[in-house]
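Hello,

Here is the structure I promised to pass on. My notes on its cavities and pockets follow below.

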Amino acid sequence: MYSRRQILKGSLYGMGAAAVGSGIPLTSELMASTPRTDFVAQHISHKLGTNDVETKNMYSFGPTIPPTIRMKRGEEFHGRLINNLEEPTTIHWHGFRLPNNMDGVAYLTQPYVYMGDSFDYNFVPHDAGTYWYHPHCNSLDQLSYGMTGMIIVEEDDDPGFDQDIPINLRDFRLGGDGQFIKLYQPRKTARAGTFGTMRTTNWMSEPTYEAQAGSLVRLRLCVTDVTRIYKLSLPKDGEAKVIAVDGHPCEPFPLRHFSIGPGQRADVALRVPDVEGTEIAITNYSSNNPWDVVKIKAKGQSVKRDLAEIGALPDNPVPRPDLSNAEYIPMEFSAAAEKAAVPNPICGGLGFKFWAINTSVWQKDGAGDPNEPIKVLKKNKSYVFEFINRTPHTHPIHIHGMTFQILKSNKREVAPWWTDTALVLPDEKMQVALKPDTEGDWLIHCHILEHQKSGMTAFMRVE
């Protein structure tokens, strides 16, 4: 949790990052002079939620909960992954437009990083907002065991919040003894996915954060869970509005039963109640038994700030597609036509095929069968993708290295948000527009990881 003073000083939550200098890519000289953040992949034990028992064999990027990293838009970032796990891993920077060889997908964009090895990531974040990082190798296991951290890319100018609170939303699958149980069940993989048994926020159960009465707080909600789609809401009398979705500013709207799935983020501007001791909660209603994901408790005398004091966030420099000259490309998400079992490669699938994109089933991260891109795109050319969901389940569809704009849907009114991950409803046809500006091979996949790992993954090549 950040105070306004900490934000202005650039101090960090947990383990952090500072970045100075200019230029892409970093030269060896610049890498040597740019402050470096180390991400040490390791096994840890940790008391989750309200448990008195330490959960063993958790994975993290440090000795405790993965840190929230702060970056500055337009300034170089240098991170080093050091792998102390007994298996390969990588880091994917979810939502970032960055060089292809920094995207962190094993087999496809970089070699996997074995135990005892390291890999240097260096790039410039182009877009301010809320993002996150996670492995893209053995993803289901490693994310489920804890390897998900948040990233805050600061705007050029301070928007004026008094506190800045990252909210990492995720489940863990634990038994009654507080230890991990099997991460998935195939019959559930073939449906909506296998849910966790312990629901956490920042690895705690329904935490309460104190904030100055009458102050303005920026809540950065990030769903790092591998399955759960949240439906979040504030009380009707709560003074708050969503000001950004998936890192990009949006027309502000109330947080009322807002659906947000794996991989997605939402920034909420919240005014803390004036009376000391008063609590306001964000509640998830996606379950038959709603629960508060986080509470904010007023403390001290009210400073009587107003949400109107927070100006509109600046737009990010996303390449704008030309809709009058865009090529139309359908993308169908369906059950797999193939039923045969497939091998479980070192960084890959679950051993069976349930899902597909355009009837193609992905077998492993980066180098499966088919081994060719599902589409070849031209750099700086405009496209309209139609996401066609042929299944009775919702899929959060994520595209690496690109930001797209939601245009329309056959089932609902949609806002023209810029995003990297879209929730596509059952039987929905959603059109999105994009203009790829970086060459390379880029994944497109469902971010319900059991769906990704059992076929709903492909890659596109930008030339």
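Which residues line the largest cavity? They are Ser144, Arg170, Asp171, Phe172, Arg173, Leu183, Thr194, Phe195, Gly196, Asp225, Val226 and Thr227. A cavity here is a set of points on a 1 Å grid over the protein atoms alone where a 1.4 Å probe fits but cannot get out, and lining residues have an atom within 4 Å of a point. The largest cavity holds about 80 Å³, a volume being the space filled by probe spheres set on the points, which are joined across faces, edges and corners. Strand S10 (residues 163-172) contributes the most to this lining, with three residues.

Before you go further, please note that this is a predicted model: local features need pLDDT of at least 70, side-chain atom pairs count only at pLDDT 80 or more, and totals for chains, interfaces and linings use all residues. Residues are numbered from 1 along each chain as its sequence is written, and side-chain values use heavy atoms, with hydrogens and water left out.

The largest pocket (an open set with protein on both sides within 12 Å along at least five of seven lines) has about 600 Å³ of space. Its lining has 29 residues, and Ser259, Ile260, Arg412, Leu423 and Leu425 are the closest to its centre. Strands S14 (230-233), S17 (258-260) and S28 (421-424) each supply at least two lining residues; strands are DSSP runs of E, at least two residues, and helices runs of H or I, at least four, numbered from the N terminus.

Overall, the protein has five helices and 31 strands.

Best wishes
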